[in-house]
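The sequence and structure are shown first, and the main points follow by topic.

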Amino acid sequence: MNINVLIVGVGGQGTLLASRILGKIAENDGSDCKLSEVHGMAQRGGSVVTHVKAAEKVLSPIISEGDADVVLAFEQLEALRYINYLKRDGTVIVNSQKILPMPVITGAEFYPENVTDVLKKECRFVIEVPALEIAESAGNAKTVNTVMLGVLAKTVGLPYEEVKKAVIETVPEKVRNVNLEAFEKGYNFK
Amino acid sequence: MKKLMLGNEAVARGAYEAGVTVATAYPGTPSTEITENIARYDEIYAEWSPNEKVAMEVAYGAAVAGARSIVSMKHVGLNVAADPLFSAAYAGVNGGMVIVVADDPAMHSSQNEQDSRYYAVSAHVPMLEPSDSEEAKEFVKEAFVLSEKYDTPVFLRTTTRLAHSQSFVELCDRADVSVKKYEKDITKYTLMPSTAKIRHIAVEKRENELKLDIENSPLNFIREGDKKIGVVTSGVVYQYVREALPDASVFKLGCVYPLPVEKIRKFAESIGKLIVVEELEPVIENALKANGIPCEGKKYFGVQGELSVGRIKTALSGESFSDKNNVVNVPVRPPVMCAGCPHRGVFYVLKKLGCRVISDIGCYTLGAQSPLSAVDTVLCMGASLGMAQGFEHALGRENTKNVVAVIGDSTFIHSGITGLIDAVYNKTALTLVILDNSTTGMTGHQEHPATGKTIKGEDTYALNLEDAVKASGVNFVETVDAYDMKAVEKAIKEACSYDGVSVVIAKRPCALKIRLAEKPYEIRDCKKCGKCLKIGCPAIQKNPDGSACIRHELCVGCGVCRDMCAFGAIVKE
């Protein structure tokens, strides 16, 4: 595997699990890999960002600005926030879900309109995914992360069987089947 | 076997492989997962101590008795443990002892950005700094070797990006290390002026020997490259440097105290310009300058925040490396109290009553955020009780009846209780609210002395906070349900008007730990008054037409918002 993926979202959306599955793929195929996570205060509903880097040799665990092949955004606003990390011809995969931050709820700030249009103006490749709906149809709203992983796998050409194997090895047994279902639906999303 | 591991998990593995038998800590981001992972090894006794000072003392006692021990804490925790640290450096060890300290450049989850390397300098304790998980594991083992060879505790310093990044680690077997024989030696372990003078001489001697040893240690190495620029660096920043300046000659430090000064001097003489790339304070830069080695560093990088590949490139070349800066004004998304958080209603009441809230360190620090905006001060662990008393002594009782100290259960045990004893002893009319959510919340739900469980999940005695407060001499103690806003308000009003020390315990388990089996609420026929939005619950959102709605997938049914609505519009689904 040779890829830089920046996974962004809101604390509680499961960005850590998605990055750990990607780490598992690297572990299985023998690539070098580094993951950088967020713990602690930011996790309490704040903006979270997880870096996944896989290559023959990885140095910095943090992706540099302008160096992500893919920004995998679990929430629209977060896609915008981290768009400066994307490579010139990189791909944004964005969940169409909106989660209002507290300053927007209180009326101190406004949620920008037409986020996807702004993204499309800035980036050549934008894939919008109704991941919450797909996750719910798979049977669990919390599987947004594996839906997004499925779309990512298809988009960047990660081998289906290897990703599936990594999901099985990473996800706890009691939610394994629903996550596999969600992954499948994400993988087949058009 | 190779395994992806967090830096913290790798430190734990290093402790296991080094034959450690005693591990202690108080939770603190970014160090918490070290001891959580150590606790999974049956061969190691592990504990959550009430605070870092006790953790340091337990680990030190174990080392003096002959075992290999490890204690872990975040940077500010080392301030709490500094008293035993400085003297332990004098008395030395028997079995090896490693102190892991995790700095947090950029303050991802901290109240300051202090540089713990200064502790190594001032306590004369060697400090190793790994640059990835594999080194983290191996350096722990090396630290034990140095500790026993030079009769001193040894620091392992990490930073957030090391602690919370995963990289591959090669697993090794656990070393067979037996507990060393303890022999009474009052000239070593009994520090008093006469013995400490002898020990101070011993500290200087062992450090001089260690300095010679470190000059040739493989912990520090040179990566040959272009001779125009030479970089001295350490820790995870080494990885950034290699990516930012792939052709430069790099002097990579594994040991950041003491420095291999002569080896660096030779390196400096072999290259054009020497640049020190380090986060936070100019510790290495100043040391090199003091030794007459010309170098530059902070003039490019400053002392604020974290470094990165981009920041190093930009600082040295002046170019920017992204074409998509500030696409659109993106609203900030600060962390918030979770839906159902038992602290929310308490802060709403404190604000409503116009209280001056002297808060403390924990999830409830978030009570400072809009829209609650209920907090006046936050300083450090346990400071709320002392500071609230300071307000009274400065302004007089009649002007401070609305001053309320607020602290969590874990933080109260950590270092709040001594402030309470002070208030009773010195007849200060302190009002204290203990937010008892029965866990150490912010760091991810660790047990503590009042939860009834050890780190290994065993049942144990649960300290009763009400009894502890009463035993400190407090006569006004009232325990209320944190979700019951009317009861909370009544108790705080009474406490504030009480002439003496008064304590309200607002009790409810953390909403993330024990999820209520309640149905979510919904809003029917909203009158758009906006009052429910004032409690800052992330499950309540405003519709474009100004009405409020509840996101059913987030609502845990705590009912705090129901009590806010004057129209009875918030009802169960």
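In this predicted model, the buried residues of α8(A) are covered by elements that include α5 (131–138), α6 (144–156) and α7 (160–170) of chain A. The points below describe helix α8 itself and then the chain to which α8 belongs.

**Helix α8**
- Helix α8 of chain A comprises twelve residues, 176–187.
- The buried residues of α8(A) are V178(A), N179(A), L180(A), A182(A), F183(A), G186(A) and Y187(A).
- In an α-helix there are 3.6 residues a turn, so residues three or four places apart point the same way.

**Fold and dimensions**
- Chain A contains eight helices and six strands.
- Read from the N terminus, the order of elements in chain A is β-α-β-β-β-α-β-α-α-β-α-α-α-α.
- Chain A has a radius of gyration of 16 Å, close to the 16 Å given by the globule rule for 190 residues, and is therefore as compact as a globular protein of that length.
- A box of roughly 50 × 35 × 35 Å, taken along the principal axes, is filled by the C-alpha atoms of chain A.

**Interior and contacts**
- Of the 190 residues in chain A, 60% are buried.
- Among contacts in chain A with a separation of 6 or more, 65% join residues 24 or more positions apart.

**Surface and charge**
- Chain A carries 21 positive and 24 negative charges, whose mean positions lie 2 Å apart.

Note on methods: Residues are numbered from 1 along each chain as its sequence is written. Chains are lettered from A and ligands numbered from 1 in the order in which they are written. This is a predicted model: local features need pLDDT of at least 70, side-chain atom pairs count only at pLDDT 80 or more; totals for chains, interfaces and linings use all residues. Side-chain values use heavy atoms; hydrogens and water are left out. Helices (H or I, at least four residues) and strands (E, at least two) are DSSP runs, numbered from the N terminus. The radius of gyration is taken over C-alpha atoms; the globule rule is 2.2 Å times the number of residues to the power 0.38. Buried means under 20% relative accessible area, exposed over 50%, partly exposed in between (1.4 Å probe, protein chains only). Contact means heavy atoms within 4.5 Å. Lys and Arg count as positive and Asp and Glu as negative; His and the chain ends are not counted. The place of a charge is taken as NZ of Lys, CZ of Arg, CG of Asp or CD of Glu. The expected span of a helix is 1.5 Å times one less than its number of residues.
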